[in-house]
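Q: Could you walk me through how this one is put together? I'd like to begin with the helix packing and then jump around a bit.

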Amino acid sequence: MVEVRGVFGVRHPDDPEPVESTKVVAARLLAGVGVALSLFVGGVIPAFIALVLARQAEADIRASEGFLLGGSRLASIRRLAWIAIGISAAVVVAALLFWVLELARTAGGPSYDGSVAVSG
């Protein structure tokens, strides 16, 4: 019997090789989609899903005792997802600000376009 020493001690030769967590891969993809769609405010949903998957992947990686990889990428995935959420929030705030300024600009004017006949 050949003993293979890993990070956590002796591995059995029939144990599978360590692989990257599929949740890490999915979270990375969703965080990228979130950033790409963040200007259209549609990036919030994939970014939130990426954050949830990153949390689940972290728990899975810790429980796997070294058989799942990808823990080093979780910080950058979370950062990217929060950037997508921040850009989307900034777009919403800018749109609301523009709308309020447009309301303020037209305030005090007539509530009709001037083509209405007013009888006095």
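**Helix packing and selected residues**

A: In this predicted model, helix α1 (residues 22–37) packs against helix α2 (residues 44–63) at an angle of about 160°, and their axes are 8 Å apart. Because angles over 145 degrees count as roughly antiparallel, α1 is roughly antiparallel to α2.

Q: What is the handedness of the crossing where α1 passes α2?
A: The crossing of α1 with α2 is left-handed.

Q: And which residues of α1 and α2 meet there?
A: On the α1 side they are Lys-23, Val-24, Ala-26, Ala-27, Leu-30, Ala-31, Val-33 and Gly-34, and they meet Pro-46, Ala-47, Ile-49, Ala-50, Leu-53, Ala-54, Gln-56, Ala-57, Asp-60 and Ile-61 of α2. By class, the residues of this contact between α1 and α2 divide into 14 nonpolar, two polar and two charged.

Q: Okay, at what angle do α2 and helix α3 pack?
A: Helix α3 covers residues 74–106, and α2 packs with α3 at an angle of about 160°, with the two axes 9 Å apart. That angle makes α2 roughly antiparallel to α3, and α2 passes α3 in a left-handed crossing.

Q: Which residues of α2 and α3 make that contact?
A: From α2 the contact draws on Val-44, Ala-47, Phe-48, Ala-50, Leu-51, Ala-54, Arg-55, Ala-57, Glu-58 and Ile-61, while α3 contributes Leu-74, Ile-77, Arg-78, Ala-81, Trp-82, Ala-84, Ile-85 and Ser-88. The residues of the contact of α2 with α3 fall into 14 nonpolar, one polar and three charged.

Q: Let me pick on Ser-88 then: buried or exposed?
A: Ser-88, which sits in helix α3, is buried, because its relative accessible area is 1% and buried means under 20%.

Q: What does Ser-88 touch, not counting residues up to four places away in sequence?
A: With those set aside, Ser-88 touches Ser-38, Val-41, Gly-43 and Val-44.

Q: Where does Leu-39 lie, and how far apart in space are Leu-39 and Ser-88?
A: Leu-39 is found in the loop between α1 and α2. Although Leu-39 and Ser-88 are 49 residues apart in sequence, their C-alpha atoms are 6.0 Å apart in space.

Q: Is Leu-39 buried or exposed, then?
A: Leu-39 counts as exposed, because its relative accessibility is 58% and the cut-off for exposed is over 50%. Apart from neighbours within four places in sequence, Leu-39 is in contact with Ile-87 and Val-91.

Q: Zooming out, how many helices and strands does the protein chain have?
A: The protein chain has three helices and four strands, and reading along the sequence gives the pattern β-β-β-α-α-β-α.

Q: How about contacts in the protein chain between residues 24 or more positions apart?
A: Among contacts in the protein chain with a separation of 6 or more, residues 24 or more positions apart account for 66%.

Q: Last one: what does the accessible surface of the protein chain come to?
A: The accessible surface of the protein chain comes to about 8500 Å², and 67% of that belongs to carbon and sulfur atoms. As for burial, 20% of the 120 residues of the protein chain count as buried.

Note on methods:
Residues numbered from 1 in each chain as written. Predicted model: local features only at pLDDT ≥ 70, side-chain atom pairs only at ≥ 80, totals over all residues. Heavy atoms only, no water. Axes fitted to C-alpha atoms, helices over the stretch in contact; angles between N-to-C directions. Helix = DSSP H or I, 4+ residues; strand = E, 2+ residues; numbered from the N terminus. Parallel < 35°, antiparallel > 145°, perpendicular 65-115°, else oblique. Left-handed = near helix turned anticlockwise from the far one by under 90°. Contact = heavy atoms within 4.5 Å. Nonpolar A, V, L, I, M, F, W, Y, C, P; charged D, E, K, R; others polar. Buried < 20%, exposed > 50% of the residue type's maximum accessible area, 1.4 Å probe, protein only. Areas by Shrake-Rupley, 256 points an atom, 1.4 Å probe, with all protein chains shown as cover.
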